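Welcome! Please take a look at the sequence and the structure below, and then read on for a short tour.

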Amino acid sequence: MSQANCLFCKIAAREIEGDIVFESATVVAFRDINPAGPTHILVIPRRHVESAAELTRGDGDELGELFEVVNDLAGKDGLTGGYRIVTNVGDDAGQSVWHLHFHLIGGRSMAWPPG
């Protein structure tokens with residue numbers, strides 16, 4: 001999918017409304033419209049990357065910032081009992097938006113395996 005048609009690129013650019021809870025020059029985080037828990041935040045890079053399958057060693061600094069944001073948001077939402085970080089890669093894994101994103105889910109007990 002091209003960046004011009006990407007839902008998450010449009011949310012990051014504020015062309016589409018989203019419940020944005022964090023943004024920097026390189027990272028945007030917003031609440032999921034179909035939450036899987038009391039806390040369900042999507043954390044994305046501003047730059048269009050389709051999935052984790054495209055990442056390389058050169059993306060290390062960006063990934064470090066993404067996970068720093070995930071952990072900061074988990075703290076702000078009071079997820080002291082734990083939380084789950086998920087990213088899906090490809091159709092078989094359930095990826096439905098072709099922009100790299102990490103789901104931060106918490107605020108309830110979770111089972112394993114997830115599905």
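**Strands and a helix**

In β2, V28 is the bridge partner of E23. This is a predicted model, where local features need pLDDT of at least 70, side-chain atom pairs count only at pLDDT 80 or more, and totals for chains, interfaces and linings use all residues. Residues are numbered from 1 along each chain as its sequence is written, and side-chain values use heavy atoms, with hydrogens and water left out.

**The strands around β2**

- Four of the five residues of β2 are buried (under 20% relative accessible area, with a 1.4 Å probe and protein chains only), so the strand is mostly covered.

**Helix α2**

- Helix α2 (a DSSP run of H or I, at least four residues) spans residues 60-76 and reaches 24 Å from its first C-alpha to its last.
- That is close to the 24 Å expected at 1.5 Å a residue, taken as 1.5 Å times one less than the number of residues.
- Buried in α2 are E62, L66, V69, V70, L73 and A74.
- They lie on the same side of α2 because they cover an arc of only 135° around the axis, judged by the directions from the helix axis to the C-beta atoms.
- On the other side, D61, E68 and G75 are exposed (over 50%).
- What covers the buried residues of α2 includes β1, β2, β3, β4 and β5.
- After α2 comes G78, whose phi is positive, near 70°.

Technical notes: Helices (H or I, at least four residues) and strands (E, at least two) are DSSP runs, numbered from the N terminus. Contact means heavy atoms within 4.5 Å. Two strands pair if DSSP finds at least two bridges between them.
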